[in-house]
Amino acid sequence: MRPFNRLSSDILLAIFLNIMAEYADPYNGAFGSYAFMSFSKVCHSWRDLTLSSPMLWKQISTRFPSAALVALERSTDSGFHLVIPEGTRSEIASPVLEAIAKHAHRLRGLYLPSDILKRSDGSIHPMLLPLINSSAPRLESLETVKMRGDGSCVQLPVLFKGETPELRSLRIQYMWPSVQGLTLANLRELSFCGKKRMQISLSLSSLFDLLEASPLLRLLHIAKVDWQPADEGDTRRVRLEHLRSIDLGPASAATTSEIISRLDTPECALRLKVWLERYEDSKFHVGVPPEHELPPEHYLHHVRKMHVE
């Protein structure tokens with residue numbers, strides 16, 4: 001142990017953070033258990049360092065309620081990530097979530113089952129209400145885990161008073177977002193998915209509203225959506241200079257064609273799954289707008305090779 005006694009606090013902290021990173025995956029069952037904190041028992045100086053370093057206490061899971069409350073206190077003003085695992089019992093999680101709600105302004109990431117945000121009757125689980133009714137100005141990531149449940153897909157409710165200016169990643173199942181439910185101005189990744197037999201019903205105008213509210217978007221993934229026509233008179237085009245990838249689930253060729261023709265994304269890769277439609281001249285429509293229907297400046301004029309499933 002003597003060589004370690006000569007290590008500075010900064011170097012020791014860097015080592016401890018590296019160990020903690022091995023448990024950083026929110027889908028790791030040990031997330032929030034602080035099993036790696038055994039090094040705090042080596043000596044008094046190591047223990048003092050771990051207890052006085054807020055950045056070591058930013059993993060919180062309702063699976064480990066006692067550890068969650070300790071971490072909430074020791075993280076002081078640092079941001080933290082919260083995991084609510086599937087099968088969470090309300091009587092265990094509720095006291096933890098009530099305590100966390102008072103610190104929601106420090107929340108950086110939230111990972112939870114889809115059936116907590118959307119129960120079979122379409123309502124939100126009551127144990128979550130104190131948290132989502134608080135402000136979360138530092139929230140960067142919101143993600144739900146797909147859980148089987150009855151009922152149709154619903155719109156994501158207003159969360160954190162709709163004020164999430166730092167939100168960068170939104171990945172949800174059996175729901176779709178709205179421009180009122182969250183702040184999307186800094187969003188980089190957007191993914192939402194419906195059910196196989198009960199798809200999301202969404203108009204193209206609503207999609208364009210979401211994209212206009214997300215000017216910094218880089219990744220877009222949408223699946224299992226029953227697309228509805230755009231509102232009458234809605235002919236706008238949306239420019240997304242930062243978009244790099246579009247992954248659209250199976251849709252009709254006409255719908256895919258309209259979406260692609262309305263987007264101006266000069267540096268984007270497309271992945272499309274299209275139901276073929278036949279033109280009057282017996283040619284098949286694969287979802288790519290004919291060249292003569294595109295504006296002269298549209299980026300598709302420069303595409304020389306495209307793969308469509």
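Biologist: Which strand gives the largest share of the lining of the second largest pocket?
Modeller: Strand 3, residues 107-113, with 3 residues. A strand here is a DSSP run of E, at least two residues, numbered from the N terminus. This is a predicted model, with local features needing pLDDT of at least 70, side-chain atom pairs 80 or more, and lining totals using all residues. Residues are numbered from 1 along each chain, and side-chain values use heavy atoms, leaving out hydrogens and water.

Biologist: OK, and the largest pocket, which residues lie nearest its centre?
Modeller: R171, Q173, E189, S191 and H221, out of 16 lining residues. (A pocket is an open set of 1 Å grid points where a 1.4 Å probe fits, with protein on both sides within 12 Å along at least five of seven lines; lining means an atom within 4 Å of a point.)

Biologist: Which strands supply at least two residues of that lining?
Modeller: Strand 4 (141-145), strand 6 (169-173), strand 8 (189-193), strand 10 (219-223) and strand 13 (245-252).

Biologist: Switching topic, what does F192 touch, leaving aside neighbours within four places in sequence?
Modeller: Quite a list: F192 is in contact (heavy atoms within 4.5 Å) with I172, M175, W176, P177, I200, L202, L210, H221, I222, A223 and V225.

Note on methods
Helices (H or I, at least four residues) and strands (E, at least two) are DSSP runs, numbered from the N terminus.
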